[in-house]
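Student: Could we go through this model together? I'd like to know where the labels come from.

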Amino acid sequence: MQNPTDLLILIGALLTLVFSGIHIAVALGLCSMLGLFLMTGDVNGMISFASSTAYEALRDYIFAVIPLFMLMGEFLAKCGAARDLFTLVNRAMHRIRGRLGTATVLANALFAFVTGVSIAAAAAFSKIAYPEMRRHGYERKFALGCIAGSACLGMLIPPSVLMIVWGVLTELSIGKLFIAGIIPGVLVVVLYIAYIVWVAYTQPHRVGEGPNIPAVQQKELDRESDVPEADLRAILWSTVGIVALIVIVLGGIWFGFFTPTEGAGVGATLALALAMSRGMKPREMLAAVISVGRTSAPLLLLLVTAQLYSRVLSMSGVTGMAQDFFSQSGLSPYTVLLLMVLVWFVLGMLIDSISIILLTVPVFAPVAMALGFDPIAFAILGILAIETGLLTPPFGILVFTVKASIPDEPDLKNGEIFRGCIPYWIVLLIAIVTIAVFPALATWLPNLALANP
């Protein structure tokens, strides 16, 4: 085990680099090399260990699951599938109060099954759902909060990039993590919809209904007749294709017909076929591939440096020290869990979700297992807690994404969107507590799948 001084140097250097704005991959790589040098004092040994770790990480085909799932979502987003989902769900719920908000949540949930990136959903539905909400008289803050809040579902409902990263770092089954996210994802969707319906009945003016609608909302309502009728038959077939894609990919992984990586490849191929059937041009296909490459390449580099960092932590004794500290502290397991969640909340205000996982999971996951928490339930709880950072100021990446996707409203401030997201942040907090108290919500489906391979 390293002496405490060297451990403090290692951790202090990492935090200093991260909070000074150095890219997380560079920070992890530099601190890992520093840790190796402090342990061995041998430059050649340090380089040899780092290169062997990088080689083992890069040759692991499980890493291909990230760009393939992202490519599947990108093909469907660029061919208009997200718009079709929203339109169909909206038409099907025409008798429900606050139906546009509810349709946004449900369409985001369905779209999350084919893309593991919340940012893509936030950008897409800012351009699809927001104009419709405003046209129907929705309050701007409420509409924007609904879009940003429901975009979080992309990180919880499979195939989530956060689940893939967590599974790679902890060597948990990615297929089991995918299945574990379904019931908590449904729980969050139900709570979101319950909030929207409650607002529609108690404060109907916020959803363009009832008396005393503000003038700015009434102005939008007067333009409703400008909306053309959609071709419902084409939209229906598009949605059927998306649902079939979800069933084939996730069902195939669930029942063991193919691995997560193979399922991602099948999904990307079928998504390409669906996009081509909707008239996607070669230039748009190339743009989708390049976009995914620009997003996934830095992420893969992050995973390589994170594996090196995780190994250095294990070798240096940081993980063992953390376990000893919490086990000898006299704190109850749930108190330790609360401290971990608080750390995730604080980090969520400062850095992005993937960086939080890379920094904390190599330490937190072994501690949680030593305290008796189920690793699958802990992973889902952790992803929920980290998700709150997507809506938390000042970093709140989904808020900035929504703001950037609505350039024609110069008076729109980030603070207005953050305030609209508060109820959805509270819903995520409720889901965290629920999973902590009832971990079977996350473990029942994976155990069922394991019992029926």
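**Helix packing in a predicted model**

Tutor: The chain averages a pLDDT of 79, and 87% of the residues score at least 70; pLDDT is the predictor's confidence in each residue, from 0 to 100. This is a predicted model, so local features need pLDDT of at least 70 and side-chain atom pairs count only at pLDDT 80 or more, while totals for chains, interfaces and linings use all residues. Residues are numbered from 1 along each chain as its sequence is written, and side-chain values use heavy atoms, leaving out hydrogens and water.

Student: Over which residues does pLDDT stay under 50?

Tutor: Residues 220-230, for which the model has 17 contacts beyond four places in sequence (contact means heavy atoms within 4.5 Å). Where pLDDT is low, the predicted coordinates should not be read in detail.

Student: Why is α7 called roughly antiparallel to α8?

Tutor: Helix α7 (residues 118-135) and helix α8 (residues 140-151) pack at about 150 degrees, with axes 9 Å apart. Angles run from 0 to 180 degrees between N-to-C directions, using axes fitted to C-alpha atoms over the stretch in contact. Under 35 degrees counts as roughly parallel, over 145 as roughly antiparallel, 65 to 115 as roughly perpendicular and the rest as oblique. So α7 is roughly antiparallel to α8.

Student: And what makes α21 oblique to α22?

Tutor: The axes of α21 (residues 397-404) and α22 (residues 414-437) come within 10 Å and cross at roughly 125 degrees. That angle makes α21 oblique to α22. Here Val 399, Phe 400, Val 402 and Lys 403 of α21 meet Asn 414, Ile 417, Phe 418 and Cys 421 of α22.

Student: How do those contact residues divide by class?

Tutor: Into six nonpolar, one polar and one charged. Ala, Val, Leu, Ile, Met, Phe, Trp, Tyr, Cys and Pro count as nonpolar, Asp, Glu, Lys and Arg as charged, and the others, Gly among them, as polar.

Student: What are α6 and α12 to each other?

Tutor: Helix α6 (residues 99-112) packs on helix α12 (residues 182-202) at about 170 degrees, their axes 9 Å apart. The pair is therefore roughly antiparallel. Gly 101, Thr 102, Val 105, Leu 106 and Ala 109 of α6 touch Val 189, Tyr 192, Ile 193, Ile 196 and Val 197 of α12. By class, that contact has eight nonpolar, two polar and no charged residues.

Student: How do you know that Glu 132 forms a salt bridge with Arg 135?

Tutor: A salt bridge is a side-chain nitrogen of Lys or Arg within 4 Å of a carboxyl oxygen of Asp or Glu. For Glu 132 and Arg 135, the closest N and O atoms are 2.5 Å apart, so the pair qualifies. By this rule the count comes to four salt bridges.

Student: Why are Glu 132 and Arg 135 separated by about one helical turn?

Tutor: Because they are three residues apart in helix α7.

Definitions and conventions
Helix = DSSP H or I, 4+ residues; strand = E, 2+ residues; numbered from the N terminus.
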